[in-house]
Amino acid sequence: MGQGAEPRRPQPRDGELGAAVARAQDGDEAAFAVAYRIVQPGLLGYLRGLVGEDAEDVASDAWLEIARDLGRFQGDGAGFRGWTATIARHRALDHLRRQRVRPRAAALEHDALELPGRHSTHEQALESLSTERALELVRGLPRDQAEAVLLRVVVGLDGPATARVLGKRPGAVRTAAYRGLKRLARQLGTSGAGTSGAGAEEAGRREV
């Protein structure tokens with residue numbers, strides 16, 4: 001593991017999820033239903049951030065592909081979350097292309113110069129992301145920031161897994177997540193002492 005590697009933060013039900021997936025691969029339909037119930041809420045939240053009201057339809061398409069290709073999956077519960085998020089993302093991007101939705105413009109660099117300090121505004125923003133209003137605000141972020149935040153917070157992936165889903169380097173994903181969370185913290189009106197400069201950026205990146 002390199003210097004920038006991040007420890008995996010297991011989700012509470014990852015063990016149960018991994019066991020359910022293994023049984024489902026052996027043909028246990030009830031186990032597949034268990035895996036669906038564990039993964040679907042986060043996956044749906046991610047898709048709502050990408051395609052809005054069409055999330056249910058895109059999720060249905062994604063689950064059809066997940067079910068079809070389940071035998072090819074290799075990994076544990078956390079890996080299954082990442083694998084399903086990758087499939088859902090591809091279906092969402094296909095949907096957006098069909099709808100002829102143009103990508104949002106990238107944010108100006110000066111919008112992201114101030115990064116939150118430890119235990120500061122970003123954590124308060126995280127706590128608010130379960131609300132519908134917050135999801136709407138996430139959809140207003142530049143695409144790279146929105147996806148990084150949704151995959152980290154809503155789907156529950158760690159940094160390296162998020163980077164794999166997005167096909168980017170972990171450092172770029174960390175930066176995008178912090179820029180997005182900083183903007184969300186401002187928009188949500190959360191309070192907390194922010195810090196700026198290289199030291200704040202390094203401290204902040206260790207927290208996400």
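**Helix packing and a cavity**

H2 and H7 cross in a right-handed sense, where a crossing counts as right-handed if the near helix is turned clockwise from the far one by less than a right angle, and as left-handed if anticlockwise. This is a predicted model, in which local features need pLDDT of at least 70 and side-chain atom pairs count only at pLDDT 80 or more, while totals for chains, interfaces and linings use all residues. Residues are numbered from 1 along each chain as its sequence is written, and side-chain values use heavy atoms, with hydrogens and water left out.

The axes of helix H2 (residues 29–51) and helix H7 (residues 143–155) come within 9 Å and cross at roughly 165°. That angle makes H2 roughly antiparallel to H7 (under 35 degrees counts as roughly parallel, over 145 as roughly antiparallel, 65 to 115 as roughly perpendicular and the rest as oblique). Helices here are DSSP runs of H or I with at least four residues, numbered from the N terminus, and axes are lines fitted to C-alpha atoms over the stretch in contact, with angles running from 0 to 180 degrees between N-to-C directions. On the H2 side, Gly42, Gly45, Tyr46, Gly49 and Leu50 meet Arg143, Glu147, Leu150, Leu151, Val154 and Val155 of H7, contact meaning heavy atoms within 4.5 Å. By class, this contact of H2 with H7 has six nonpolar, three polar and two charged residues (Ala, Val, Leu, Ile, Met, Phe, Trp, Tyr, Cys and Pro count as nonpolar, Asp, Glu, Lys and Arg as charged, and the others, Gly among them, as polar).

H7 also packs against helix H8 (residues 159–166), at an angle of about 135° and with their axes 10 Å apart. That makes H7 oblique to H8, and their crossing is right-handed. Glu147, Ala148, Leu151 and Arg152 in H7 meet Gly159, Thr162, Val165 and Leu166 in H8, a contact with four nonpolar, two polar and two charged residues.

Elsewhere, the axes of helix H3 (residues 55–69) and H4 come within 9 Å and cross at roughly 130°, and the two helices are therefore oblique to each other.

The structure also holds two cavities of 30 Å³ or more, a cavity being a set of points on a 1 Å grid over the protein atoms alone where a 1.4 Å probe fits but cannot get out. Val39, Gly42, Leu43, Arg81, Thr84 and Val155 line the second largest cavity, lining residues having an atom within 4 Å of a point. H2 and helix H4 (77–98) each supply at least two residues of this lining, and the largest share, three residues, comes from H2.

Definitions and conventions: 1 Å grid on protein atoms, 1.4 Å probe; cavity = no way out; pocket = protein on both sides within 12 Å on 5 of 7 lines; lining within 4 Å. Points joined across faces, edges and corners; volume = space filled by probe spheres on them.
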